[in-house]
Amino acid sequence: MKLLVSKVDAKQHEDVVSCVGWVNNTELFSISDDQKILKWSNTTEEIIKVTQLPKETYVTKMHWCPQQTRTRKASMAEVCALATSNGRFILMSSSGKVEKTVEGHTGAVLAIRWSHDGTAIATAGEDGNVKIWSRTGMMRSSLSQLGASVYSVAWSPESNQVLHVNGRHLIIKPLQPSVKPTQWKAHDGLIVVVDWSPRNNYIISGGEDKKYKVWDSFGRNLYSSQTQESPVASLAWSPDGGLFAVGMFDSIRLCDKTGWSYSMEKEPLLGTVLDLSWTSDGTQVAAACGAGSVLFADLVDRKLEWANLEVIINGNCTVDVFNIASGSKEHLEFNDKIVTASLTWNHLVIITATQMYIFNCQSWSTPVTIDLRNTSVYLIKQTERYFLLADSSSGIQVYSYEGRVVCSLKHSSISADSLNAQLVSISNDVLVIRDQKEERVIRLFSTTSGKEMGDNHPFKHSHEIVDVALSQKGSLSERQLAFIDKNNDLYLAPMKPAHSGWRIVHLGSMVSTLCWNDKANMLAGMQDGTFTVWYHPAVVYTDQDLLPKTTLQKSGSEFMKNPLIVSYTNNLCTLRRSDGAVISTCVSPFPVLLHNYKSGSLESGLRLCRFVKDPAMWAVLSGMAAEARDLNIAEAAYAAINEIHKVEHLQQIKGLSSSERRNAELALFCKKPEQAEAIYLQSNMIYRAIQLNMCLHNWERALELAVKHKTHVDTVLACRSRHLQSISCDETLKRFKQYSSQISIDWEKVEAKMKAEEQRE
């Protein structure tokens with residue numbers, strides 16, 4: 001991928017071009033120290049002088065009201081905010097009409113930004129003040145008062161915080177005065193530019209130390225560049241948050257969101273690149289240059305890979321598809337500019353300016369074609385049967401590969417504008433999205449209906465969640481959700497919560513990236529610099545002691561710092577290092593085969609384990625057999641890994657007289673007491689259900705069952721009384737006090753009833 005410079009025009013402006021800004025995908029505005037404001041048309045190649053500013057007015061920065069806001073609110077005019085060197089800022093329409101001029105700062109206004117929702121403006125100046133204004137120019141608050149010039153500001157994705165520079169430091173200041181700001185030293189020299197992506201929530205900064213850096217919203221450094229040839233003068237995120245551009249002297253660098261560089265385009269006689277602006281579809285970038293020129297560059301050679309296929313988007317309207325296995329090649333042409341594309345699960349989805357094309361990778365000649373409204377597509381997320389499309393006009397929709405809209409998602413806490421690939425995951429039956437207002441909440445939706453699942457009781461974690469991923473194989477009851485929180489802790493949760501709530505299990509710490517296997521419910525991740533594969537992560541719900549034995553770990557030295565897992569297909573895991581290099585690592589193919597036997601015959605899995613003779617395989621089979629209640633195979637598998645005490649326990653379970661007791665005891669073996677109780681109750685074994693809860697010291701539940709079924713109330717009271725005597729404590733539970741005063745305890749009768757129950761069974 002690279003930027004192809006398509007045009008450099010140095011004839012229209014007579015002085016330094018200080019800023020540029022796209023008002024839409026086809027019209028660019030440029031402003032120079034010659035006080036001219038020009039409008040450049042992409043379609044007609046026409047250049048129009050919009051207006052001539054007064055001689056004493058020098059514009060330092062410009063920013064258009066966000067386009068997605070104007071799309072949602074048709075009544076909002078195209079309004080540009082201009083920062084000037086005389087302490088004022090100007091609100092100007094696209095026709096060049098000055099709507100309002102506001103006295104904002106003492107000295108020059110150095111930075112100006114609209115909030116992402118278009119309701120506020122942030123300014124910063126030479127006087128060291130950061131101020132918040134309404135969209136009509138009325139001052140709301142003075143956010144910060146510093147002793148030095150503030151060169152750059154940026155809004156958080158939710159528009160409730162402002163990032164600004166303070167010398168060598170970055171400060172995130174919430175709009176609420178009671179919330180403490182976040183501050184950290186970011187560079188060794190003066191910081192001159194920052195940007196904050198509303199899609200991926202990453203921050204980029206650049207300064208006079210000739211470096212650019214990537215940060216998360218908690219101030220943790222994700223990437224630091226090598227020292228460049230000149231100071232970093234401008235930075236800009238692409239609209240989808242996948243790329244950013246860096247402007248320096250005579251050059252523009254294109255970088256991935258994680259920081260590594262795709263390409264650097266050098267153009268002589270540009271001077272310093274003072275400003276950068278992307279089109280809303282993310283296919284073109286414009287630059288304001290200190291030598292008086294305006295540069296246009298197109299995004300070309302975008303590459304997608306899946307299985308044996310490689311797709312290259314050559315230019316605006318052509319795509320080449322290579323099948324590495326067969327050596328065949330397909331050339332696809334489109335009428336409109338290609339905006340974005342996605343390739344996985346045997347389907348290629350291509351979005352152009354006006355249409356969506358869905359290709360089956362087995363047949364390139366007959367795509368499904370769907371007309372789209374004038375819209376900006378933010379995200380495509382595919383699964384085996386469906387894919388999710390998030391755009392500015394229709395919001396979040398789920399499509400089938402036949403082109404049918406399966407459902408549309410509507411929720412007050414979720415907006416398509418700020419979705420990214422880490423915050424949403426889709427499978428054939430469920431869609432999960434991290435709530436954008438409450439970052440500790442995950443909401444579940446049906447893929448087919450779009451309705452929220454879980455009786456509108458979303459899953460809530462103790463910390464902010466930064467990454468979610470759904471397993472792709474099996475039914476909804478087998479589906480697992482893996483997620484990483486802000487502390488880089490990895491957790492696992494089943495998609496069907498138990499009666500007592502979500503069973504959240506901690507899988508690992510210091511996990512930076514994760515990916516599910518496409519053929520089996522196996523999970524790969526980078527854990528504290530080590531490549532880790534959990535062959536059967538759901539074993540934690542059956543026998544947590546088996547988890548370390550079902551885990552593969554490889555040294556991560558070859559992957560460098562902070563690699564990203566790109567895909568995990570069959571037994572091949574592909575990672576991208578922090579320098580951009582793609583590395584593949586192989587995992588044993590046998591665990592995938594064993595997972596396939598899980599839905600069929602575990603006898604075949606037993607034969608496979610005897611052939612492979614790998615302790616990890618035996619541990620996986622142990623968990624699968626216990627979950628499937630296959631006592632014979634479970635006994636053989638546990639014996640193979642020398643879990644003698646568990647083998648003895650399984651033999652005791654096999655010796656029980658009734659199948660109901662065996663199933664209940666096996667549920668207890670798998671640490672599922674709720675399931676064991678349900679088995680006892682369904683089999684009308686009330687005494688066993690009561691005894692189970694007494695053994696687990698669930699005294700209140702035991703008394704509740706005894707009272708409900710009108711049996712063994714005195715047994716529960718007697719056992720509770722003996723337990724309290726053994727630990728020298730007095731009764732504190734109100735219900736037990738109440739029934740103890742009403743019922744006398746006779747131990748002989750209680751023991752006789754207990755023996756009678758055992759004989760009856």
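Mentor: Start with charges: Lys and Arg count as positive and Asp and Glu as negative, while His and the chain ends are not counted. The place of a charge is NZ of Lys, CZ of Arg, CG of Asp or CD of Glu. In this chain, the mean positions of the 80 positive and 81 negative charges are 4 Å apart.

Trainee: What should I know about the model and its numbering?

Mentor: This is a predicted model: local features need pLDDT of at least 70, side-chain atom pairs count only at pLDDT 80 or more, and totals for chains, interfaces and linings use all residues. Residues are numbered from 1 along each chain as its sequence is written, and side-chain values use heavy atoms, with hydrogens and water left out.

Trainee: How many helices and strands are there in the protein chain?

Mentor: Both are DSSP runs, numbered from the N terminus: helices are H or I, at least four residues, and strands are E, at least two. Here the chain has 13 helices and 55 strands.

Trainee: How do I read burial, and what share of the residues count as buried?

Mentor: Buried means under 20% relative accessible area, exposed over 50%, and partly exposed in between (1.4 Å probe, protein chains only). Of the 761 residues, 54% count as buried.

Trainee: Why is helix H9 largely enclosed by the rest of the structure?

Mentor: Helix H9 spans residues 686-695, and eight of its 10 residues are buried, so the rest of the structure largely encloses it. Among the buried ones are Tyr-687, Arg-688 and Asn-693. The buried residues of H9 pack against helices H7, H8, H10, H11 and H13. Contact means heavy atoms within 4.5 Å. Just after H9, His-697 has a positive phi of about 65°.

Trainee: Is Ser-156 buried or exposed?

Mentor: Ser-156 is buried, with a relative accessible area of 0%. Find Ser-156 in the loop between strand E14 (153-155) and strand E15 (161-166).

Trainee: Which side chain makes a polar contact with the side chain of Ser-156?

Mentor: A polar contact is a pair of N or O atoms within 3.5 Å; within protein, one must be able to donate a hydrogen and the other to accept it, and residues adjacent in sequence count only if both atoms are side-chain atoms. For Ser-156, the partner is the side chain of Asn-160, at 3.0 Å. Leaving aside neighbours within four places in sequence, Ser-156 is in contact with His-116, Gln-161 and Trp-196.

Trainee: Where is Met-264?

Mentor: Look in strand E25, residues 261-266. Met-264 is partly exposed, with a relative accessible area of 30%. Its C-alpha atom is separated by 5.7 Å from that of Ile-252, 12 residues apart along the chain.
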